[in-house]
Amino acid sequence: MSLSGTYDDQNIFAKILRGEAPAITLFEDDIAIAFMDIFPQSPGHCLVLPREQARNLLDLSPPTAAAAIQRVQTLAKAVETALQPDGIVVTQFNGAPAGQTVFHIHFHIIPCWENVPRGRHGAGQADMGELKTQAEKIRSALA
Ligand code: 5GP
């Protein structure tokens, strides 16, 4: 899908936002929801999704973009507290050529550890028990 186009409300993240598909949720409010990435590039890889129907950052309204980045920062701090990574990558892809695979705006928070290479983007599915354990730690750090 190119950068321009219409929003497809059947994408997997739209289904998660409507409660039609499951997710291991970290927090939610009127602006955004955050949950664990099930094909993580590292332990603790999680996502922040603004609720607004936008395919990418270019479509997102400026007030929601501003509110969303605050939530990204809050979650990144919680990940730092919970998992003690040596670094954190924050990424966001716009359009398939840029690496986007799900066409509802989202931000990745990917913890990194020294000398531990990150996995491939959207590769193997994680163990759900491990994801839940990581999520509990992150939720505790958010509390
Ligand atoms: P994108 O490539 O669009 O920036 O990122 C999409 C992300 O969504 C990928 O990191 C992928 O692992 C993740 N993902 C894809 N399908 C699902 C799903 O059904 N549930 C969750 N929690 N994450 C997903």
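Arg51 is partly exposed, at 30% relative accessible area (buried means under 20%, exposed over 50%, partly exposed in between; 1.4 Å probe, protein chains only). The model is predicted: local features need pLDDT of at least 70, side-chain atom pairs count only at pLDDT 80 or more, and totals for chains, interfaces and linings use all residues. Residues are numbered from 1 along each chain as its sequence is written, and side-chain values use heavy atoms, with hydrogens and water left out.

Arg51 forms a salt bridge with Glu28, with 3.0 Å between the closest N and O atoms (a side-chain nitrogen of Lys or Arg within 4 Å of a carboxyl oxygen of Asp or Glu). Glu28 lies in strand 1 and Arg51 in the loop between strand 3 and helix 2, so the pair ties together parts 23 residues apart in sequence. Helices (H or I, at least four residues) and strands (E, at least two) are DSSP runs, numbered from the N terminus.

The whole structure holds 4 salt bridges. Another one joins Arg71 and Asp29 at 2.7 Å, N to O. Arg71 sits in helix 2 and Asp29 in the loop between strand 1 and strand 2, 42 residues apart. Arg71 is buried, at 18%. Asp29 is partly exposed, at 26%.

The largest nonpolar core has 24 residues (buried Ala, Val, Leu, Ile, Met, Phe, Trp, Tyr and Cys residues joined through side-chain atoms within 4.5 Å). Helix 2 (62-83) is one of the elements that each supply at least two residues of this core. Its largest share, 7 residues, comes from helix 2. Apart from this core lies another, of 8 residues, including Phe13 and Leu47.
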